[in-house]
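Please read these numbered points with the structure open beside you. They go from the chain as a whole to a single residue.

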Amino acid sequence: MDVQMKKGLLDVCVLAVLKRGDSYGYQLVTDLSVVVEISESTLYPILKRLEAAGQLGTYSIAHNGRLRRYYRITPIGLRRLKEFESEWREMEKIGAFIRGEVSR
């Protein structure tokens with residue numbers, strides 16, 4: 001898969017997981033592993049990028065004597081997910097055309 005396309009898909013996959021509820025790094029990797037192989041070293045730059053774009057926010061909670069950073073989706077992140085759904089429908093049409101399933 002094209003690197004840029006995969007990068008964009010990983011972003012929306014992270015947002016989709018966070019739409020279901022706040023989470024932390026290791027749990028995000030676990031949740032995403034059902035659809036894509038991702039390491040924490042790949043995930044954290046994505047989280048930083050999404051935070052810089054205002055698509056997610058963070059907060060910390062003490063867990064076993066350490067602070068655990070949680071991530072939550074913002075209204076901007078929810079809007080990005082909606083935009084992606086629209087883009088995906090367009091991609092499905094293009095895929096059908098490429099497969100020869102769409103005629104004039």
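1. The chain has a radius of gyration of 16 Å, whereas a compact globule of 104 residues would have one near 13 Å; the radius is taken over C-alpha atoms, and the globule rule is 2.2 Å times the number of residues to the power 0.38. Taken along the principal axes, the box that the C-alpha atoms fill is roughly 65 × 25 × 20 Å.

2. This is a predicted model, in which local features need pLDDT of at least 70 and side-chain atom pairs count only at pLDDT 80 or more, while totals for chains, interfaces and linings use all residues. Residues are numbered from 1 along each chain as its sequence is written, and side-chain values use heavy atoms, with hydrogens and water left out.

3. Four helices and three strands make up the secondary structure of the chain, and from the N terminus they follow the order α-β-α-α-β-β-α. Both kinds of element are DSSP runs numbered from the N terminus, with helices being H or I of at least four residues and strands E of at least two.

4. Of the 104 residues, 31% count as buried, a word that here means under 20% relative accessible area, with a 1.4 Å probe and protein chains only.

5. Thr74 sits in the loop between strand 3 (66–73) and helix 4 (75–98), and Thr74 counts as buried because its relative accessibility is 15%. Apart from neighbours within four places in sequence, Thr74 is in contact with Gly54, Gln55, Leu56 and Gly57, where contact means heavy atoms within 4.5 Å. Glu51, 23 residues from Thr74 in sequence, lies 9.3 Å away, C-alpha to C-alpha.

Definitions and conventions: Buried < 20%, exposed > 50% of the residue type's maximum accessible area, 1.4 Å probe, protein only.
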